[in-house]
Amino acid sequence: MSATRSTITLVPTPIGNLDDITLRAVQVLREVDTVVAEDTRVTGRLLQHLGISKPLVSFHAQNEHRMVEQLVQRAGRGERMALVSDAGTPGISDPGFLLVRAALHAGITVECLPGPTAFVPALVNSGLPCDRFVFEGFLPQKKGRSTRIRELATEPRTVVLYESPHRVLKLLQEMTEVFGGDRPAAVSRELSKLHEETVRGTLAELVAHFTAHEPRGEFVVVVGGTGH
Ligand code: SAM
């Protein structure tokens, strides 16, 4: 189904390779009245690449609380909207949830197209069980971080995390201390991009690898659960 009256459509966008946009995503972006974007410059470039010109509205972590009501009202008046983030699926470690919840509360139809997201290829690539897993997104940077890591140490399912290049080695070191160095894990970087790479090994081996090779790019960390 394409975007219809009083519908907000979440549209996943490529996490690297621009060819990963789906035909439906392009169709919806063509049909809507407005594209609500995390960074209007990033989305402007994508739309330009697709040959689409649309009014853009900015919706990001700093303004989402204040924008939600306005966007819901506009959608309620029949304005067809697509929500996109800079990369991947909106709402997955990106703005989206607050708008979805408010729209549903106001009786607006919400649809999310299937499409690119970083954690699925990283999980499947990892070689670790992907029948049951937990997605943790980014761990808190300070308060609650060590508690969360301790909780995850006893998690039986495969654990999937996002981390920045500046903190990925620290995360692997922290998990090595708490989970034990022999826990199997995989780190995927730059998925769908030129320098895509997945490194698999124990947590201790991954710490050694990223100590020798400075982490660059975007990272997904996948760690086997206690039942791996
Ligand atoms: N909404 C996105 C999704 O659906 O995956 C996630 C957005 S979050 C702000 C950005 C994080 O996603 C990055 O720090 C990295 O952990 C992960 N990520 C995004 N693109 C990636 C890529 N091409 N390769 C590896 N990780 C990626």
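Student: How far is a nitrogen atom of the ligand from a polar backbone atom of Glu190?
Tutor: This is a predicted model, in which local features need pLDDT of at least 70, side-chain atom pairs count only at pLDDT 80 or more, and totals for chains, interfaces and linings use all residues. Residues are numbered from 1 along each chain as its sequence is written, and side-chain values use heavy atoms, without hydrogens and water. A polar contact is a pair of N or O atoms within 3.5 Å, and for Glu190 the distance to the ligand nitrogen is 3.4 Å.

Student: Which residue has a backbone N or O atom 2.8 Å from a nitrogen atom of the ligand?
Tutor: A polar backbone atom of Ala87 lies 3.1 Å from a ligand nitrogen. The residue at 2.8 Å is Ile92.

Student: How many residues surround the ligand?
Tutor: A residue counts if one of its heavy atoms lies within 4 Å. The closest include Asp94, Thr117 and Phe219, and the shell has 18 residues.

Student: Which strands each supply at least two residues of the shell around the ligand?
Tutor: Strands are DSSP runs (E, at least two residues), numbered from the N terminus. The two that qualify are β7 (158-163) and β10 (219-223).

Terms used:
Polar contact = N/O pair within 3.5 Å; in protein donor to acceptor, adjacent residues only side chain to side chain. Helix = DSSP H or I, 4+ residues; strand = E, 2+ residues; numbered from the N terminus.
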